[in-house]
Amino acid sequence: MNVALNLVAVKTIIRKEIVRVLRIWIQTIVPPAITMTLYFVIFGNLIGKRIGSMDGFDYMQYIAPGLIMMSVITNSYGNVVSSFFGAKFTRHIEEMLVAPMSNASIIIGHVAGGVLRGLLVGTLVTVIALFFTRLDIAHPFIMISVVLLSSIVFSLAGFINAIFATKFDDISIVPTFVLTPLTYLGGVFYTISLLPPFWQSVSKANPILYMVNAFRYGILGKSDIDIGHAYVILFVFIVVLFTACVQLMRRGIGIRE
Amino acid sequence: MKALSIKNLTKVYANGNQALKGIDLSVNAGDFYALLGPNGAGKTTAIGIISSLVNKTGGEVEIFGHSIDTDLEAAKSCIGLVPQEVNLNLWDTVGNIVTNQAGYYGIGGKSARLRVEKYLQALRLWDRRNDIARSLSGGMKRRLMIARALVHEPKLLILDEPTAGVDIEIRRWMWGFLKDINEAGTTIILTTHYLEEAESLCRDIAIIDEGLIIEDAKMSTVLRKLQREVFVLSLATEISTAPVLDGFKARLRNNCELEVEKGPDRDINDLFDQLSAREIKVVSLRNKANRLEELFMRLVKNKQSPSGGTE
């Protein structure tokens with residue numbers, strides 16, 4: 001494999017993705033900022049005052065890490081699935097398929113684009129959160145590594161969704177029926193210690209729970225789960241999803257006849 | 001050196017359609033090669049396999065000696081593709097589209113900028129470099145696809161109906177441009193429905209029909225196979241009946257136009273001698289149909305008719 005060629009190719013895809021995100025900023029950056037502001041106002045400020053404290057923190061402080069992680073997850077996923085499926089739909093994906101860059105470079109370039117949008121929106125939501133509450137970062141390395149790895153996981157998942165998608169409906173099914181429920185049930189708004197033992201066990205089968213809690217641990221220093229488990233889950237997901245992406249690309253599923 | 005070598009290439013789609021039934025093709029480096037065939041004959045499938053957009057079912061493809069099975073990266077580096085359908089990112093700018101394509105081939109920085117300017121200038125699109133592709137006319141989009149295919153300076157340029165829907169002025173200009181890059185050393189494979197285009201540009205020709213190559217030879221050799229030609233003669237003075245000519249069939253189209261069918265054993269001088277003897281003056285002469293078009297129709301028709309009969 002020609003490493004220099006692939007490095008330039010990956011940089012090109014990343015640049016293309018950044019240009020795309022900034023070109024349609026009204027679709028990519030503004031909506032999550034508005035949505036999260038509403039979450040902070042309604043759940044944090046209005047309802048949160050009546051809820052009181054959660055796991056030793058005031059409710060606004062407790063949900064802030066979860067909401068930041070939620071925006072990172074949905075934007076990383078959404079960026080890759082819409083960009084790659086859009087390229088398939090208008091067939092300009094052929095520009096990349098005829099070129100000598102490796103399949104891994106195509107995947108890495110798009111995943112990097114998803115991560116950058118996820119982190120950009122995550123940073124914006126963090127700034128918004130700081131208008132409503134105080135966030136002292138307990139473990140900066142854990143916070144940064146968890147958000148980065150989670151963003152990679154969901155960018156890879158978005159890539160697989162885009163590979164299989166044949167129409168625009170297909171790129172909204174997973175976010176609507178899988179991602180959103182798992183995120184809401186993933187400890188963004190509550191600690192699972194409030195749940196009966198059976199539902200606590202069920203919740204532990206939700207990978208997003210580990211990501212949200214590990215990120216919350218990075219900021220607040222409190223978590224429902226073992227942080228080591230979160231890292232294992234993140235690395236396993238990254239390896240499995242990346243391998244799946246490479247295999248699907250190699251076989252041309254959804255992209256080559 | 002072979003620019004392209006295809007052996008026993010087959011393609012069966014998931015729906016069972018056998019698009020290619022074992023074709024062999026060989027294109028020499030530096031050639032200007034026409035690949036013709038009716039709609040659905042397998043041309044685009046063959047091009048798709050050569051350029052890695054379609055998975056083959058069987059057979060071998062080598063591009064400048066690089067197998068697409070074992071040396072795909074090198075094989076891809078040799079090819080520039082101008083597809084039949086517009087496949088541009090219509091929301092991106094003209095400049096970005098060509099710059100990105102350079103990047104996908106590992107060409108970045110100043111080198112990419114210089115090449116982008118060179119090919120956008122050559123394709124007369126430099127002034128539109130900051131416009132989004134969606135705002136371009138059909139002919140400009142075609143030229144943008146050519147600039148995009150050339151930016152990595154491929155040794156083999158494949159054009160799948162590049163002048164479809166392009167007005168005559170731009171088409172003629174594109175012919176000149178393609179001739180120039182061929183003379184500069186780029187091997188070109190062209191598919192087109194404009195057989196005049198293939199006849200005037202290409203030195204070699206293959207005709208594909210129903211997934212099989214039914215003709216593969218020099219253009220001149222193929223055209224010599226034409227057994228008869230029909231000419232339309234514009235006459236200087238009106239005549240009321242068609243003259244009887246030895247060895248030619250003549251028919252009056254109208255008082256000023258004569259249609260003459262010439263067999264393979266006759267030449268045009270003979271025709272003019274006979275007309276002069278009858279004091280019929282000819283102002284101009286043209287082929288009734290494009291020669292290649294006539295041959296193409298005959299070959300395809302022959303194949304379809306079990307008796308092999310012609311018109």
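Trainee: At what angle do helix 4 and helix 7 of chain A pack, and how far apart are their axes?

Mentor: In this predicted model, helix 4 (residues 59-89) of chain A packs against helix 7 (residues 140-164) of chain A at an angle of about 30 degrees, and their axes are 8 Å apart. Because angles under 35 degrees count as roughly parallel, helix 4 of chain A is described as roughly parallel to helix 7 of chain A.

Trainee: Is the crossing left-handed or right-handed?

Mentor: Helix 4 of chain A passes helix 7 of chain A in a right-handed crossing.

Trainee: Which residues meet there?

Mentor: Helix 4 of chain A contributes residues including A:M69, A:V72, A:I73 and A:F84. Among those they meet in helix 7 of chain A are A:V147, A:F154 and A:F159. The residues of this contact divide into 13 nonpolar, seven polar and one charged.

Trainee: Turning to the two chains, how many residues does each give to the contact?

Mentor: Chain B gives 27 residues and chain A gives 23 residues. On the side of chain B, helix 2 (72-77), strand 6 (79-82) and helix 3 (94-104) each give two or more residues. The largest share, five residues, comes from helix 3 of chain B.

Trainee: What is the make-up of that side of chain B?

Mentor: It divides into eleven nonpolar, 13 polar and three charged residues.

Trainee: And where is B:K2?

Mentor: B:K2 lies in strand 1 (residues 2-12) of chain B. It counts as partly exposed because it has 16 C-beta neighbours inside 10 Å.

Trainee: Which residues does B:K2 contact, apart from its neighbours within four places in sequence?

Mentor: B:K2 is in contact with B:S26, B:V27, B:N28 and B:A29. B:K2 also lies 8.6 Å from B:E62, C-alpha to C-alpha, although the two are 60 residues apart in sequence.

Note on methods
Residues numbered from 1 in each chain as written. Chains lettered and ligands numbered in written order. Predicted model: local features only at pLDDT ≥ 70, side-chain atom pairs only at ≥ 80, totals over all residues. Axes fitted to C-alpha atoms, helices over the stretch in contact; angles between N-to-C directions. Helix = DSSP H or I, 4+ residues; strand = E, 2+ residues; numbered from the N terminus. Parallel < 35°, antiparallel > 145°, perpendicular 65-115°, else oblique. Left-handed = near helix turned anticlockwise from the far one by under 90°. Contact = placed C-beta atoms within 7 Å. Nonpolar A, V, L, I, M, F, W, Y, C, P; charged D, E, K, R; others polar. Buried ≥ 20, exposed ≤ 12 C-beta atoms within 10 Å, placed from the backbone.
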